[in-house]
Amino acid sequence: MSRPSYIFTSESVSEGHPDKVADRISDTVVDAFLSSDPYARVACETMVTTNRIILAGEVRGPEGVVADLEEKVRAAVKDIGYEQEGFHWKTADYACHLHAQSADIAMGVDAAGNKDEGAGDQGIMFGYATNETPELMPATLQFSHNILKRLAEVRHSGEESGLEPDAKSQVTLLYENGRPVRATSIVLSTQHKEGLTPADVHQIVEPYIRSVFPDGFVTDETEWHVNPTGNFVIGGPDGDCGLTGRKIIVDTYGGASPHGGGAFSGKDPTKVDRSAAYICRYLAKNVVAAGLADKCTIQISYAIGVAKPLSFYVDLHESGQVDPAKLEAILPDLIGGATPRAIREHLKLNLPIYARTSAYGHFGRQPDADGGFSWEKTDLVNELKGLA
């Protein structure tokens, strides 16, 4: 039986965090290839450090795409806001080491004859949803994301010119009877212009932080830690090397759910690390949105080159209005058997929609009219309500 009262914490990082800069660049590469060929294959890793951007990995698609990547990559870094001496969108050294996808991997993944498209790798993937927030996300993570999104908005608009792109947030909440009731601590570290003191930064950010919480969540007992190291002028890739795929818990559920271990950014949708995690979130979210459970975790697994999932597991955390085994039998059929091809087609994943996912979480977002965040739709709700 789950504990009724406890304290739980999640963190988030901003679009200017070095690892997120790397994720943004890798997903910019994915979008560039999918814009030219919806069935291109991409597995792109990025490293960013002081005035240096390095791309590596495997691709299969139109030859001209690689030649045009530098301009797109620099535009992505400019959009984040890096025009600093130690990392500048215009002057950072750029190196691209992308090469052709392995023929052995391609043979296992490609459809041929009677063989359907296989999974791009073996592995386990998870999806999760909870009704503790309107987004059906863990509150600790959602508030952490919302803090950084709000600070990014006022930085980009020029309303707060003293803030710089690199930032991290962390929110700790007290849960009573399984529901979040108040913030016990808030941590915010944000890069800033030279000359601002920690007290100055605190004064700037506190009103924006308070604005993302429901009334009564931030109290006189809430413990604040704003720029606890004292100074944060040197940041971003100049302060810390960034790599693609190092923030997988920030990208998903903030530690409230298991994680399969695979990163998302830089991967085309044949890679089940990405596409199967998206479909699991889609199904879990629809289960909770339909009122079948307060919480839902779904696990799926694959073997490389094999289309049919090896397993499909549903956990309703003792909060369900329906037998999980019934959902295990029904949910895969609602999405064409949960094969890699069926997932791509159901969610329409062969679109250039991925750069926008690289910061502030892949889940808990609003579906976009152009197909972005299609896994956040709740279009199965009416069908699922009849199962209760």
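The following is a set of questions and answers about a predicted model.

User: Why is Ile147 called buried?
Analyst: Its relative accessible area is 2%, and buried means under 20%. The value of 2% falls under that cut-off, so Ile147 counts as buried.

User: Where is Ile147, and which residues does Ile147 touch?
Analyst: Ile147 is in helix α5, residues 139-157. Leaving aside residues up to four places away in sequence, Ile147 touches Ser169, Val171, Ile186, Leu188, Ile209, Val212 and Phe213. To be in contact, heavy atoms must lie within 4.5 Å.

User: How far apart are Ile147 and Pro198 in sequence and in space?
Analyst: They are 51 residues apart in sequence. From C-alpha to C-alpha, Ile147 and Pro198 are 18 Å apart in space.

User: Why are β6 and β11 called edge strands?
Analyst: The open sheet has 4 strands in the order β6-β3-β2-β11, with mixed pairing. β6 (93-100) and β11 (242-243) each pair on one side only.

User: What makes β2 and β11 a pair?
Analyst: Strand β2, residues 41-49, is joined to β11 by 2 bridges, and the two run antiparallel. Pairing requires at least two bridges, so the count of 2 is enough. Met47 has Leu243 in β11 as its bridge partner.

User: Which helices lie across strands of this sheet?
Analyst: Helix α1 (residues 18-36) lies across β2, β3 (52-60), β6 and β11, at about 150° to β2. Helix α3 (residues 69-80) lies across β3 and β6, at about 125° to β6.

User: Why is α1 called oblique to α3?
Analyst: The axes of α1 and α3 come within 10 Å and cross at roughly 140°. Roughly perpendicular ends at 115 degrees and roughly antiparallel begins over 145, so an angle between these counts as oblique. The crossing angle lies in that range, and therefore α1 is oblique to α3. The crossing is right-handed. By class, the contact of α1 with α3 has 10 nonpolar, 1 polar and 3 charged residues.

User: Which residues of α1 and α3 meet?
Analyst: Val21, Arg24, Ile25, Thr28, Val29, Ala32 and Phe33 in α1 meet Leu69, Lys72, Val73, Ala76, Val77, Asp79 and Ile80 in α3.

User: What makes α9 oblique to α11?
Analyst: Helix α9 (residues 272-289) packs against helix α11 (residues 340-347) at about 60°, with axes 10 Å apart. Roughly parallel means under 35 degrees and roughly perpendicular starts at 65, so angles between those limits are oblique. An angle of about 60° therefore makes α9 oblique to α11. The crossing of α9 and α11 is left-handed.

Conventions. Residues numbered from 1 in each chain as written. Predicted model: local features only at pLDDT ≥ 70, side-chain atom pairs only at ≥ 80, totals over all residues. Heavy atoms only, no water. Axes fitted to C-alpha atoms, helices over the stretch in contact; angles between N-to-C directions. Left-handed = near helix turned anticlockwise from the far one by under 90°. Nonpolar A, V, L, I, M, F, W, Y, C, P; charged D, E, K, R; others polar. Buried < 20%, exposed > 50% of the residue type's maximum accessible area, 1.4 Å probe, protein only.
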